[in-house]
Amino acid sequence: MPDFLPYGRQSISEEDIQAVVDVLRGDWLTTGPAVQQFENDLAAHTGGTPAVAVTSGTAALHVAYAAAGLKAGDEVVASPMTFVATAATAALHGAKVVFADVEADTGNLDVEAAKAAVTDRTKVVAAVDYAGHPAELDALAKTAHDAGALLLEDAAHSVGGSWQGRPVGSIADLTTFSFFPTKNLTTAEGGAVVTPDANLLGRARKFRNHGLVRDRAEQRYPDEGGWHQEVHEFGLNYRLPDVLCALGSSQLSRLAEFKKRRAEIHARYNAALADVDGVATPPSRPGADPVWHLYPLRVLEGRRKALFEHLRGAGIGVQVNYIPAYWHPVFEDLGYRRGLCPNAEAYYEQELSLPLFPSLTDADVDRVVDAVRAFF
């Protein structure tokens with residue numbers, strides 16, 4: 001449809017385009033100065049926490065788990081209310097994923113459920129900032145650290161947000177971001193790992209570049225020659241090129257603007273839908289300063305599918321986020337069964353993401369609201 005409203009889309013300016021063109025006209029397309037610039041620019045939004053740019057949010061998770069030393073026999077306590085990558089990347093390292101239930105209202109990892117799930121094999125507790133609302137990071141960090149584990153914050157939805165006055169990226173041991181086009185800023189495809197721990201940071205940097213060791217002081221055979229490089233632990237090529245990093249730096253200059261507009265749209269939906277009996281609007285916890293990536297409307301009384309089809313028929317691109325991760329057949333084949341996390345499953349059965357992106361106009365929002373109200 002010519003007037004179709006997607007649930008999310010990128011916001012690209014002439015400045016963004018020029019930033020990319022400038023790199024294309026320069027000497028470095030990858031592993032050049034724009035990468036370091038983007039990492040520095042991102043760190044300015046994470047309380048100074050250093051960043052490692054990678055090729056996607058999924059790559060960021062894979063790199064973060066590698067930095068944590070995750071291996072076969074280890075366990076990762078994870079939220080199921082997330083895109084499958086949060087769990088899949090842990091499983092690809094050979095770890096067992098232990099899904100813990102979520103808070104019934106926010107969809108974020110429940111602290112008590114996480115506490116009940118940790119064991120002496122737990123290596124990482126992986127929380128997800130669902131829809132852009134930060135998880136209970138302090139309590140989850142304590143849960144992880146008491147078990148001798150690390151807290152990983154999957155902040156794919158929440159770059160630019162804060163929890164209890166501290167920016168996302170400055171609290172967890174490892175934080176991962178996604179810069180997919182629908183996210184709060186984009187590098188087309190891309191992601192990042194941020195960590196305040198120098199050892200984790202070094203391991204993340206090596207893993208994203210094949211595990212290559214070029215520092216002679218760290219090499220086993222340093223006298224081989226000036227060309228020499230070694231691999232001590234396997235890694236992969238997850239390098240984000242300068243072209244995309246330049247786009248990211250340009251986008252970061254507008255992150256505050258994006259955040260403000262997303263909050264305005266979120267508030268407009270809340271105000272317009274608060275009195276509709278058949279839905280529940282998303283909450284915000286004290287101390288949370290979200291960057292609203294999604295507007296997760298809860299549709300009650302089993303009417304989510306009907307509303308989904310009604311809105312899609314009206315040219316409104318609603319989406320459902322997410323199928324509980326362990327419902328995917330790949331986890332079913334590993335023995336996971338439905339019923340494992342009742343709150344997550346109830347949340348999924350009701351959730352419907354309404355369109356939310358910075359260029360969405362007030363008239364667009366009102367069109368969505370009118371269509372929702374007309375259904376009920």
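Predicted model: local features only at pLDDT ≥ 70, side-chain atom pairs only at ≥ 80, totals over all residues.
A few ground rules come first. Local features here need pLDDT of at least 70 and side-chain atom pairs count only at pLDDT 80 or more, while totals for chains, interfaces and linings use all residues. Numbering starts from 1 along each chain as its sequence is written, and side-chain values use heavy atoms, with hydrogens and water left out.

**View 1. Helix H10 and what covers it.** H10 spans residues 304-313; helices (H or I, at least four residues) and strands (E, at least two) are DSSP runs, numbered from the N terminus. Arg304, Leu307 and Leu311 are buried in this helix, where buried means under 20% relative accessible area, exposed over 50% and partly exposed in between (1.4 Å probe, protein chains only). These three sit on the same side of H10, because they cover an arc of only 65 degrees around the axis, the arc being that of the directions from the helix axis to the C-beta atoms. In general, an α-helix has 3.6 residues a turn, so residues three or four places apart point the same way. Over on the other side of H10, Lys305 and Gly313 are exposed. The cover for the buried residues includes strand S14 (295-299), helix H12 (342-350), strand S15 (351-354) and helix H13 (362-375). Gly315 follows H10, and its phi is positive, near 80 degrees.

**View 2. The open sheet S12-S14-S15.** This sheet has 3 strands with antiparallel pairing; two strands pair if DSSP finds at least two bridges between them. Strand S12 (279-280) and S15 are the edge strands, each pairing on one side only. S12 and S14 are joined by 2 bridges, and S14 and S15 by 4. Follow Arg298 across the sheet: in S14 this residue is the bridge partner of Ala280, and its partner in S15 is Glu351. Pro296, for its part, is bridged to Ser353 in S15. S14 is largely enclosed by the rest of the structure, because 5 of its 5 residues are buried. Tyr295, Leu297 and Val299 are on one side of S14, with Pro296 and Arg298 on the other.

**View 3. Strand S1 beside strand S9.** S1 (residues 51-54) runs antiparallel to S9 (residues 191-194), and 4 bridges join the two. Val52 stands opposite Val193 in S9. Both faces of S1 are covered, with Ala51 and Ala53 buried on one side and Val52 and Val54 buried on the other. In a regular strand, side chains alternate between the two faces of the sheet.

**View 4. The largest pocket.** About 530 Å³ of space lies in here. The lining comes to 33 residues, with Phe83, His157, Ser178, Lys183 and Tyr322 nearest the centre. Helix H3 (57-67), helix H4 (85-92) and strand S8 (174-178) each supply at least two lining residues. On the grid behind this (1 Å, protein atoms alone), a pocket is an open set of points where a 1.4 Å probe fits, with protein on both sides within 12 Å along at least five of seven lines; lining residues have an atom within 4 Å of a point. Grid points are joined across faces, edges and corners, and the volume is the space filled by probe spheres set on the points.

**View 5. Thr30 in its loop.** Thr30 is in the loop between helix H1 (14-24) and helix H2 (33-43). This residue is partly exposed, at 32% relative accessible area. Leaving out residues up to four places away in sequence, Thr30 touches Pro241 and Asp242 (contact means heavy atoms within 4.5 Å).
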